[in-house]
Structure formats: structure tokens, C-alpha cells
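Hello,

Please find the structure below. My notes on what was found in it follow.

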Amino acid sequence: MTTRITSNLALAGLLIAVSTGLAFLQRHGVVGAEAATRGAMVLTGILLAVYGNVIPKSLSRLSARGESLQRVTGWATVISGIGYAAIWAFAPIEIAAVASMCAVAIGFVFVVGYCVWLRSIPA
């Protein structure tokens, strides 16, 4: 396996292990349901930010526009991931799910808008 696949599988394994561990701790009364949910979701946001950090560093031969798009996508994903994690860490649980998805959706819409803008610029 390549290093990239191995590292991605390791991060996925980390998320599964932490989620399973939190569920185990919740079942045994060590942490509450809210803490277990928040912990798993904060880790999900952190992993989203990590993946966003990798996007512009991927080895590919792109045009200047492609590299620009990769950088903007990476930044948007990192900021969305940090926002997602922060919302799950600090927002009231009643609004955390909707607000965190809005953070990710805003990043996605920003990248789509950037794509449209890039295509409107003459080559």
C-alpha cells in the first residue's frame, strides 16, 4: 500500500477507535452521552481540517488555476473543519448538529463559487 492510503486508513482507524472507546465509556457511566457525542464530533472536525491541510500538498501537475483551486479548497476545508470542531466543542448541543453542518456547507459553497469565478476569468 502507498503511504497515502496507509495514513488515511490510520486516521479512519483512529476515528473508529476513539468513537468505540467513547461508546464503551458511556455504557459504563464514565462519560455522559453528550460528552461522548461531542468528543467523536470534535475529532471528526479535526480530521476534516487535517485532510484539508493535505489537499494543497498532494503531488499533482496542475495548471496555475488548478493549483489555485487546490489551495483555496484546502483552506476552505481546514477552516470548515476547525469551525465544525469548535461548534461541537462549545455550542449548545441542541444547535451543534445544524450549525456544524452549516460551517461545512459554507466552505463547500465558497469552493463552488471560486470554481465559477475561476472559469469566468479569460485564460
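Arg-38 touches Ile-87, Trp-88, Ala-89, Phe-90, Ala-91, Pro-92 and Ile-93, leaving aside residues up to four places away in sequence. Please keep in mind that this is a predicted model.

Arg-38 itself is found in helix α2. Its relative accessibility is 14%, and because the cut-off for buried is under 20%, Arg-38 counts as buried.

Next, the helix around that residue. Helix α2 covers residues 33-54, which is 22 residues. From its first C-alpha to its last, α2 reaches 32 Å, close to the 32 Å expected at 1.5 Å a residue. The buried residues in α2 are Ala-36, Arg-38, Ala-40, Leu-43, Gly-45, Leu-47, Ala-49 and Gly-52. What covers them? The cover over the buried residues of α2 includes α1 (3-27), α3 (64-90) and α4 (93-120).

The other topic is aromatic rings. A pair of such rings is described by the distance of the centres and the angle of the planes. The count here comes to 1 aromatic pair. Tyr-114 and Trp-117 form that pair, with 5.6 Å from centre to centre and 40° between the planes, and the pair is tilted. Both residues sit in helix α4, and because they are 3 residues apart there, about one helical turn separates them.

Trp-117 has a relative accessibility of 47%, so Trp-117 counts as partly exposed.

Regards

How values were computed
Residues numbered from 1 in each chain as written. Predicted model: local features only at pLDDT ≥ 70, side-chain atom pairs only at ≥ 80, totals over all residues. Heavy atoms only, no water. Helix = DSSP H or I, 4+ residues; strand = E, 2+ residues; numbered from the N terminus. Expected span 1.5 Å × (residues − 1). Buried < 20%, exposed > 50% of the residue type's maximum accessible area, 1.4 Å probe, protein only. Contact = heavy atoms within 4.5 Å. Phe/Tyr/Trp six-rings, centres within 6.5 Å; stacked < 30°, edge-to-face > 60°.
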